Amino acid sequence: MERRVAAWAAVLVALAVCAALPATTTANKISVNWMPNTNYTVWEQTHGPFYKGDWLVFYYTSGQADVVEVNESGYNRCDATNAIYNYSKGRSFAFELNETKTYYFICSFGYCPGGMKLAIKSQKLPPPSPPPSAHDKSAALARAHAGVVLYAAVAALAALLRMV
């Protein structure tokens, strides 16, 4: 009986917490399986949009690939001569998109001409959704419902705790 009460109490607490949480917009961690013979133009189109604050995590085979950040010219020519950044240690590399701009990455192990290059345009995080208008009856009803659910969950939890 005590376990059942504790389980219901945990469920009600979880529901109350979820009902009280605001909606937020956060950055993402995006995995990039960095390997030859992959069309990263298509990859970019299917994995975007990308936002300032997102993290790209490149996974590659150690000693067989690297991740080189270059400018647009280096990207177009597959030229790592004037690299902005070059990472070749280990088997993974995490890179934060910390500006709103286009980032260019290539592999300098000879795979770039075959498509092992990636251009990522990062943009500002969209603002969180505005709260519903007070004049919107459905929004007002939803807020009232959330308050009732939260109150009921707290009352039920208190009752369950008295039983223990």
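I began with the contacts of Asp 66 (heavy atoms within 4.5 Å), and, leaving out residues up to four places away in sequence, I listed Trp 34, Asn 86, Tyr 87, Ser 88, Ile 106, Cys 107, Ser 108 and Phe 109. The model is predicted, local features need pLDDT of at least 70 and side-chain atom pairs pLDDT 80 or more, while totals for chains, interfaces and linings use all residues. Residues are numbered from 1 along each chain as its sequence is written, and side-chain values use heavy atoms, without hydrogens and water.

I placed Asp 66 in the loop between β3 (55-59) and β4 (67-70), with strands taken as DSSP runs of E of at least two residues, numbered from the N terminus.

What is the nearest side chain of opposite charge to Asp 66? I found Lys 89, 12 Å away, and noted that Asp 66 is buried yet has no salt bridge; buried means under 20% relative accessible area with a 1.4 Å probe, protein chains only, and a salt bridge needs a side-chain nitrogen of Lys or Arg within 4 Å of a carboxyl oxygen of Asp or Glu.

I then traced the open sheet of five strands, which has mixed pairing and the order β2-β8-β7-β4-β5; two strands pair if DSSP finds at least two bridges between them. Its edge strands are β2 (50-51) and β5 (85-87). Strands β7 (residues 102-106) and β8 (residues 117-123) pair in the antiparallel sense over five bridges, and Ile 106 stands opposite Lys 117 in β8.

How values were computed:
Helix = DSSP H or I, 4+ residues; strand = E, 2+ residues; numbered from the N terminus. Buried < 20%, exposed > 50% of the residue type's maximum accessible area, 1.4 Å probe, protein only. Lys, Arg positive; Asp, Glu negative; His and termini not counted.
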